[in-house]
There are 2 protein chains.
Amino acid sequence: MPQQRSEETRARILDAAVRRFAISGYNAASVDDICAEAGVSKGAFYHHFPTKQGIFLALLEGWLKTVDHGLESLRQPTVPDTFIRMTQLLPAIFAAADDRLPMFLEFWTQASRDEKVWAATIAPYRHYRRHFARLIQDGITEGSIKETVDPQAAAQVILSLAVGLFLQGVLDPQGAEWQKIAEQSIQVLLNGLAK
Amino acid sequence: MPQQRSEETRARILDAAVRRFAISGYNAASVDDICAEAGVSKGAFYHHFPTKQGIFLALLEGWLKTVDHGLESLRQPTVPDTFIRMTQLLPAIFAAADDRLPMFLEFWTQASRDEKVWAATIAPYRHYRRHFARLIQDGITEGSIKETVDPQAAAQVILSLAVGLFLQGVLDPQGAEWQKIAEQSIQVLLNGLAK
């Protein structure tokens, strides 16, 4: 089954890249390192990925799909409940991001220098802003969120909060009970947004 | 005036390091590069800084002092007004951080790998959490913030929001009017916190 073997090889390269990026950083990890770690030839590598940056983009995409899938699966009867349920997703997000975190930070560093990486970083963030704005609008429609709330502004607050919690949780995992803090944060926000 | 000349040299090294870090990144920029950029000898460099990391820590410290100074100077008659005033500090913070942003991201990357850098990164963040918690407590005392608000939790929300806004503003400066968004965000929060 060559198709299946090819996908296995791709997955093995991605796993190896995560480990190499975590150990020596994105810049220092070479394609040779990743091939050695994965036990594949450079030919196999370039069959799957045009560049090292291509791996980076594939890892980001895979991780964002996990988040999207999680977000879809947690819709609750009301929008405020959906937001509270969302905070319960955090441990899974943190676990999925765990050994990739130094890499994400380097990704953001790259993003500030590289047009293509920048576009890939900004796209999902705008995607989440739209997602949250729709959710807030749904809340206004169903009558659980005040009509005076501006969906775009509220979505931006939620997104900023999510990004901030994520970065802090990454930098200081033992510094606080992040899930509890996320729940409290959403509760403080809902006090201002909900009817 | 050797004292003054020494301080000028130190400042020149710091400026040169900011430029080198911005251009080639913290890891790739060598002490030699920084000395060449600053037009100083390696002896002069090591007179002022034990290591390249020492420069990094000095830059972080200088930048945090700017923020602290700004925070102190904007106290208003009431705590909600102080928070709104705070958002007006953002353009200055962004300007001070401007060419240092890729560097800060790399700093966070380093922080996830290096105990000493980690401690230096986490210390100010806990310092700001205390600062905000005291401010919320002052608001409860003066009667502008609800007694039911937990100062620690509210401080954490504000800090997460600030970190998130900062990171987004850094990554996507043209993507939104960040000061306006910060004002709206604080307004949404105050709706939940203020009496």
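Mentor: Keep in mind that this is a predicted model. Let's start between the chains: α9(A) packs against α10(B) with 9 Å between the axes and an angle of about 90 degrees.

Trainee: What makes α9(A) and α10(B) roughly perpendicular to each other?
Mentor: The angle is about 90 degrees, and the range for that label is 65 to 115. The two helices therefore count as roughly perpendicular. On the α9(A) side the contact is made by A:A153, A:A154, A:Q156, A:V157 and A:S160, and on the α10(B) side by B:I181, B:Q184, B:S185 and B:V188. Sorted by class, that contact has five nonpolar, four polar and no charged residues.

Trainee: How do α10(A) and α10(B) cross?
Mentor: Their axes come within 7 Å and cross at roughly 85 degrees. That value lies in the 65 to 115 range, so α10(A) is roughly perpendicular to α10(B). A:V188, A:L189, A:N191, A:G192 and A:L193 meet B:V188, B:L189, B:N191, B:G192 and B:L193 there.

Trainee: How many residues are in contact between the two chains as a whole?
Mentor: 36 residues of chain A are in contact with 37 residues of chain B. On the chain A side, α7, α8, α9 and α10 each supply at least two residues, and the largest share, 13 residues, comes from α9(A). By class, the chain A side divides into 19 nonpolar, 14 polar and three charged residues.

Trainee: How do you know that the length of α10(A) agrees with what a helix should span?
Mentor: Its 16 residues, at 1.5 Å a residue, should span 22 Å, and the end C-alpha atoms are 22 Å apart, so the two agree. The expected value uses one less than the number of residues.

Trainee: Which residues of α10(A) are buried, and what puts them on the same side of the helix?
Mentor: The buried ones are A:W178, A:I181, A:A182, A:S185, A:I186, A:V188, A:L189 and A:L193. They cover an arc of only 155 degrees around the axis, which is why they are on the same side of α10(A). Across chain A, 33% of the 195 residues count as buried.

Trainee: Now for chain B. Why is B:V149 called partly exposed?
Mentor: B:V149 has 19 other C-beta atoms within 10 Å. Buried would need 20 or more, and exposed 12 or fewer, so B:V149 falls in between and is partly exposed. This residue is in the loop between α8 and α9 of chain B. Leaving out residues up to four places away in sequence, B:V149 touches B:I136, B:I140, B:A154 and B:L193. B:V149 and B:L193 are 44 residues apart along the chain, with their C-alpha atoms separated by 6.6 Å.

Trainee: And what makes B:R10 count as partly exposed?
Mentor: B:R10 has 19 C-beta neighbours inside 10 Å, so B:R10 counts as partly exposed. B:R10 sits in helix α1 of chain B. From B:R10 to B:H47 the C-alpha distance is 9.1 Å, and they are 37 residues apart in sequence.

How values were computed
Residues are numbered from 1 along each chain as its sequence is written. Chains are lettered from A and ligands numbered from 1 in the order in which they are written. This is a predicted model: local features need pLDDT of at least 70, side-chain atom pairs count only at pLDDT 80 or more; totals for chains, interfaces and linings use all residues. Axes are lines fitted to C-alpha atoms, for helices over the stretch in contact, and angles run from 0 to 180 degrees between N-to-C directions. Helices (H or I, at least four residues) and strands (E, at least two) are DSSP runs, numbered from the N terminus. Angles under 35 degrees count as roughly parallel, over 145 as roughly antiparallel, 65 to 115 as roughly perpendicular and the rest as oblique. Two residues are in contact if their C-beta atoms, placed from the backbone, lie within 7 Å. Ala, Val, Leu, Ile, Met, Phe, Trp, Tyr, Cys and Pro count as nonpolar, Asp, Glu, Lys and Arg as charged, and the others, Gly among them, as polar. The arc is that of the directions from the helix axis to the C-beta atoms.
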